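Student: I've got a structure open on my screen and I'd like to talk through its side chains. Can we take it one question at a time?

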Amino acid sequence: MDVGPILRITEYRDQEFCFRVTKEAMKVYAEAAFGPWDDEWQRRRLENDLASSPHEIVIVGDTDVGLWSVAREPERFLLRKIYLLPQFQRRGIGSILLRRLIQKSEGSRVPIELRYLMVNPVASFYERLGFSWLKEESPYVYVQRAL
């Protein structure tokens, strides 16, 4: 029986994978929004992010395929990252993970919020899952899945 993607808490040994998936999933959008990608700056930023908020590795079968981060705040779930390696994108993995979070959100009676880069063509993905526009503050779009 296929149980879909599973998550495990990141460990120090995952740092290189986390950087790889971040770069492969986000470099083109980061460059379009902010200019040339700087590996060293991006590594430092990711290391700080990993140290300051919970992150999980997305696993399909026995393969690490992505990076997931959700913060549970009193008034919302904040989806911070859903990065998948390109070869695992558009396979339903992100939809499964997000549907699980939607179930938690509905059970907890708190909305889900997130932001994405305007240049990232993910709007229809979030719309299909019931998210609606909150605001735009360049270079980001903020959306919410209300109850």
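Predicted model: local features only at pLDDT ≥ 70, side-chain atom pairs only at ≥ 80, totals over all residues.

Student: What kind of pair do phenylalanine 125 and tyrosine 126 make?

Tutor: Their ring centres are 5.0 Å apart, and the planes meet at 65 degrees. Planes over 60 degrees apart count as edge-to-face. So the pair of phenylalanine 125 and tyrosine 126 is edge-to-face.

Student: And what is the angle between the planes of tyrosine 126 and phenylalanine 131?

Tutor: Tyrosine 126 forms an aromatic pair with phenylalanine 131 as well, with 5.5 Å from centre to centre. That pair is edge-to-face, with an angle between the planes of 70 degrees.

Student: Is phenylalanine 131 buried or exposed?

Tutor: The cut-off for buried is under 20% relative accessible area. Phenylalanine 131 has 5% relative accessibility, so it counts as buried.

Student: Which ring does the charged end of arginine 115 sit over?

Tutor: The charged end of arginine 115 is 3.8 Å from the centre of the ring in question. That ring belongs to tyrosine 140.

Student: On to charges: how far apart are the N and O atoms in the salt bridge of glutamate 24 and arginine 20?

Tutor: Side chains of opposite charge can pair when their charged atoms come close. Glutamate 24 and arginine 20 both sit in helix H1, four residues apart, which is about one turn of the helix. Their side chains meet in a salt bridge with an N to O distance of 3.1 Å.

Student: How many residues apart in sequence are the parts tied together by aspartate 49 and arginine 80?

Tutor: The side chains of aspartate 49 and arginine 80 meet in a salt bridge at 2.8 Å, N to O. Aspartate 49 lies in helix H2 and arginine 80 in strand S4, so the pair ties together parts whose separation in sequence, in residues, is 31.

Student: Which of that pair is buried, and which is partly exposed?

Tutor: Buried requires under 20% relative accessible area. Arginine 80, at 32%, is partly exposed. At 16%, the residue that counts as buried is aspartate 49.

Student: Which residues do salt bridges with shared partners join into one network?

Tutor: One of the bridges here is between aspartate 14 and arginine 13, whose closest N and O atoms are 4.0 Å apart. Aspartate 14 is buried at 3%, whereas arginine 13 is exposed at 57%. The network joins Arg8, Glu11, Arg13, Asp14 and Asp64.

Technical notes. Residues numbered from 1 in each chain as written. Heavy atoms only, no water. Phe/Tyr/Trp six-rings, centres within 6.5 Å; stacked < 30°, edge-to-face > 60°. Buried < 20%, exposed > 50% of the residue type's maximum accessible area, 1.4 Å probe, protein only. Lys NZ or Arg CZ within 6 Å of the ring centre and 35° of its normal. Helix = DSSP H or I, 4+ residues; strand = E, 2+ residues; numbered from the N terminus.
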